[in-house]
Every structure is written in structure tokens, then in C-alpha cells.
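Subject: A structure for you to explore

Hi there,

Here is the structure I promised to pass on to you. Have a look at it first, and then read my notes below.

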Amino acid sequence: MDATWMAEALAEARKAAAEGEVPIGAVVVHDSRIVGRGRNARETRRDPTAHAEMLALQEAARALGRWRLTGATVYATLEPCPMCAGALVNARVDRLVYAVPDPKAGAAGTLFDVVRDQRLNHRLEVTAGVLGRECGELLTEFFRARRK
């Protein structure tokens, strides 16, 4: 099912690209249903915290009526940054699945490993590379077009 849910996150990333945002998308899945969706909206909202994962977590918390998102899996098209990784830990998410590593800001194993840091009170299971080619191509094409 990981590829199915990641395809939903990729659809959110495509919406972000259509809105002129960096194409990053995320969904939160709980009990085999999507309870939160998010896409990068920093430019649109003029908000530095409007990352796809943050918005998806907020929607999931509203949908479930609680801040503790135990039992949930987050699917993100790009490896979360330190802010988003910290939010995943604080929300007590069980699992993170991401498509593409982020060599400039990745906090799920690339630059940092916030989500599995033994010093914190919660750790996540992590799966990387799901639909990596598709998600990576979307990001590459977006930035290639911006450079022209």
C-alpha cells in the first residue's frame, strides 16, 4: 500500500507545482484512510511553516480530534526538514515513508536523524525511496523550469 498512499502525496505535490510552489506533498494515513493532506504553501500563505507535512499533520489532528497521531503513517514526497521531523516526533506518528532524500535539509537520516534520535521520547519507523523516481523527476523539472 505504500506506493498507493505515496501516489496521493505526489498528487498533492503536483497541485503545489501548479500553484507555483515547490512541489512537495504529504498525506497522513490512519486506519487505512487518509486523514490529512498537505502541500507546500509557503509562498501562497507567506508562512515559513507552511510545509506539506505540517499542514497534513494539522488536518489529521483536526480529523481525529487529537494531537497524538499514534497509529498514523505520514507519506511525504521529500525527506522532512528538521522542523517537520520534529513535528512528526511530537505528534507521536508511528511511521514515516518518504520518496526522495533531501541532501540540503533532510532530517530523517540524510543530514540529521531527528525521527530516530534515541535521546527523544518518541521514534518513528522510516521507509525511504517509495516512488522516488517519480517524485524526484517532479522536483527536478520544477527547478529546471525555474532556472530558465
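**What I found**

Let's begin with Asp31, which lies in the loop between strand E1 (25-30) and E2. Helices (H or I, at least four residues) and strands (E, at least two) are DSSP runs, numbered from the N terminus. Before we go on, please note that this is a predicted model, where local features need pLDDT of at least 70 and side-chain atom pairs count only at pLDDT 80 or more, while totals for chains, interfaces and linings use all residues. Residues are numbered from 1 along each chain as its sequence is written, and side-chain values use heavy atoms, with hydrogens and water left out.

Back to Asp31: its phi is near 50°, a positive value in a residue other than glycine. Asp31 counts as exposed, at 61% relative accessibility. Here, buried means under 20% relative accessible area, exposed means over 50%, and partly exposed is in between (1.4 Å probe, protein chains only). Arg92 also has a positive phi, near 65°, and is found in the loop between H4 and E4.

Next comes Arg37, in strand E2 (residues 33-39). Arg37 is partly exposed, with a relative accessible area of 29%. Not counting residues up to four places away in sequence, Arg37 touches Glu8, Glu12, Ala26, Val27, Leu55, Ala56 and Glu59; contact means heavy atoms within 4.5 Å. With one of these, Glu12, the side chain of Arg37 makes a side-chain polar contact (3.4 Å). A polar contact is a pair of N or O atoms within 3.5 Å; within protein, one must be able to donate a hydrogen and the other to accept it, and residues adjacent in sequence count only if both atoms are side-chain atoms.

Now for the helices. How do H1 and H5 pack? Helix H1 (residues 2-18) and helix H5 (residues 132-147) meet at an angle of about 10°, with their axes 10 Å apart. That makes H1 roughly parallel to H5. Axes are lines fitted to C-alpha atoms, for helices over the stretch in contact, and angles run from 0 to 180 degrees between N-to-C directions. Angles under 35 degrees count as roughly parallel, over 145 as roughly antiparallel, 65 to 115 as roughly perpendicular and the rest as oblique. On the H1 side, Met6, Leu10, Ala13, Arg14 and Ala17 meet Glu134, Cys135, Leu138 and Phe142 of H5. By class, this contact has 7 nonpolar, no polar and 2 charged residues. For those classes, Ala, Val, Leu, Ile, Met, Phe, Trp, Tyr, Cys and Pro count as nonpolar, Asp, Glu, Lys and Arg as charged, and the others, Gly among them, as polar.

In helix H4 (residues 82-90), the buried residues are Cys84, Ala85, Gly86, Ala87, Leu88 and Val89. Their cover includes helix H3 (52-64), strand E3 (72-78) and strand E4 (95-100).

How many disulfides does the structure hold? There are 0, where a disulfide is a pair of cysteine sulfur atoms within 2.5 Å. For Cys84, the closest cysteine sulfur is that of Cys81, 3.8 Å away and so too far for a bond. The sulfur of Cys135 is 16 Å from its closest cysteine sulfur, in Cys84, also too far. Cys135 is buried, with a relative accessible area of 2%.

Finally, His51 sits in the loop between helix H2 (42-45) and H3. At 14% relative accessibility, His51 counts as buried.

Happy exploring!
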